[in-house]
Amino acid sequence: MINVLSVDVEEYYHATVFQEGTRGQARGAFGSRVEESMDRVLGLLADADVRATCFVLGEVAAAHPALVRKIVGEGHEVACHGQRHELVSRQSPAQFRADVRQAKELLEDITGALVMGYRAPGFSIGPEQGWAYEILLQEGFRYDSSLYPIFHDRYGDPNAPRFPHEVWRDGPEALIEFPIGTARVLGLNLPIGGGGYFRLLPLAVSRFGIRRVNAKDRRPVMFYFHPWELDPEQPRPRMPWRHRYRHYVGMRREEAKLSRLLRDVRFGTAQDALGLRDRAGSR
Ligand SMILES: [Zn+2]
């Protein structure tokens, strides 16, 4: 069973909690750290001999095209995290289409390969944003990974399907939704798919959960993290304590925990797990 390791390639200052906590401070106030933190990520993946799916933000790709080429050169899949890290829930359908089209074209120009996957900033495709799936399919995406089926104050839908499923179809073309991993324990969806929960909870929780889903449900788990989660030295501007805690908790242990997880659980790319192939051949 191949689980999916995914990396949302963005700056620490793109993170939704960081942006909300530092309200009023222009992004220009913060320096770029994504190349250094992605070097750590790529080193970790190379040491574990794991290929991952990297959902790269268009803004980051435009400023660091060599980083995107390096990701591809090391055998990882490049997918799309939108252009400007604007929540889908704050965009009109026309704005959303323009954002994903710009980012997808940019990434395909840099990599020379088809970009098949999309992940919304902040998992912001909820029940009110179902219109986004049709646009993603029309814009040439084959899968989306923007759903976290848990109960959470910012995102998520605990009643949504937990495993890959067709979410939109137009004739022979279909868009697959690959939700972030959860384990069903005592009637609740336990978050085992990474992010802040992985930093907050002991490693054993995620490891147990992923193994349980693989063995009991016989399904793959989508796991995600960000390069800035491996960068405890990043700036710490003033922000309310709740934002501070959520953004920075567990960062110093993140790299060692991830390295253990990559040894203990089998991971690959979303294209591998979904059996997707580039039908058009390389561009
Ligand atoms: Zn993001």
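User: Which residue just after helix 6 takes a positive phi?

Analyst: In this predicted model, the residue is Gly140, which follows just after helix 6 and has a positive phi of about 95 degrees. Positive values also occur here in residues other than glycine, and His85, with phi near 60 degrees, is one of them. Arg218 likewise has a positive phi of about 55 degrees although it is not a glycine, and its place is in the loop between helix 8 and strand 10. With a relative accessibility of 64%, Arg218 counts as exposed.

User: Which residues of helix 6 are buried, and what do they pack against?

Analyst: An α-helix has 3.6 residues a turn, so residues three or four places apart point the same way. In helix 6, which covers residues 131–138, the buried residues are Ala132, Tyr133, Ile135, Leu136 and Leu137. They pack against helix 5 and against strands, among them strand 6 (165–170) and strand 7 (173–177).

User: Where is Leu230, and which residues does Leu230 touch?

Analyst: Leu230 lies in the loop between strand 10 (222–225) and helix 9 (241–248), and with a relative accessible area of 1% it is buried. Not counting residues up to four places away in sequence, Leu230 touches several residues, including Arg40, Val41, Leu44, Glu254 and Leu258.

User: Which residues touch the most other members of the largest nonpolar core?

Analyst: In soluble globular proteins, nonpolar side chains tend to be buried together. Here the largest nonpolar core has 54 residues, of which Val9, Met38 and Tyr118 touch the most other members. Helix 2 (residues 34–48) gives the most to this core, with six residues. There is also a second, separate core of 14 residues, which includes Val4, Met116, Met222 and Leu276.

User: Which residues coordinate the zinc ion?

Analyst: The zinc ion is coordinated by Glu10 through OE and by His81 and His85 through NE2, at 2.0 to 2.1 Å. Glu10 lies in the loop between strand 1 (3–9) and helix 1 (16–21), and His85 in the loop between strand 3 (77–80) and helix 5, so the pair ties together parts that are 75 residues apart in sequence. In sequence, the donor residues follow the spacing E-x70-H-x3-H.

User: Are Glu10 and His85 buried or exposed?

Analyst: Glu10 counts as buried because its relative accessibility is 2%, and His85 counts as buried at 7%.

User: How much space lies in the second largest pocket, and which residues lie nearest its centre?

Analyst: Rolling a probe the size of a water molecule over the atoms shows where empty space is left. The second largest pocket holds about 260 Å³ of space. Its lining has 17 residues, of which His76, Glu77, Val78, Ala113 and Gln271 lie nearest the centre. The elements giving two or more residues to this lining are strand 3 and helix 11 (270–274).

Terms used
Residues numbered from 1 in each chain as written. Predicted model: local features only at pLDDT ≥ 70, side-chain atom pairs only at ≥ 80, totals over all residues. Heavy atoms only, no water. Buried < 20%, exposed > 50% of the residue type's maximum accessible area, 1.4 Å probe, protein only. Helix = DSSP H or I, 4+ residues; strand = E, 2+ residues; numbered from the N terminus. Contact = heavy atoms within 4.5 Å. Donors = N, O, S within 2.8 Å, 3.2 Å for Na, K, Ca; no water. Core = buried A, V, L, I, M, F, W, Y, C linked by side-chain atoms within 4.5 Å. 1 Å grid on protein atoms, 1.4 Å probe; cavity = no way out; pocket = protein on both sides within 12 Å on 5 of 7 lines; lining within 4 Å. Points joined across faces, edges and corners; volume = space filled by probe spheres on them.
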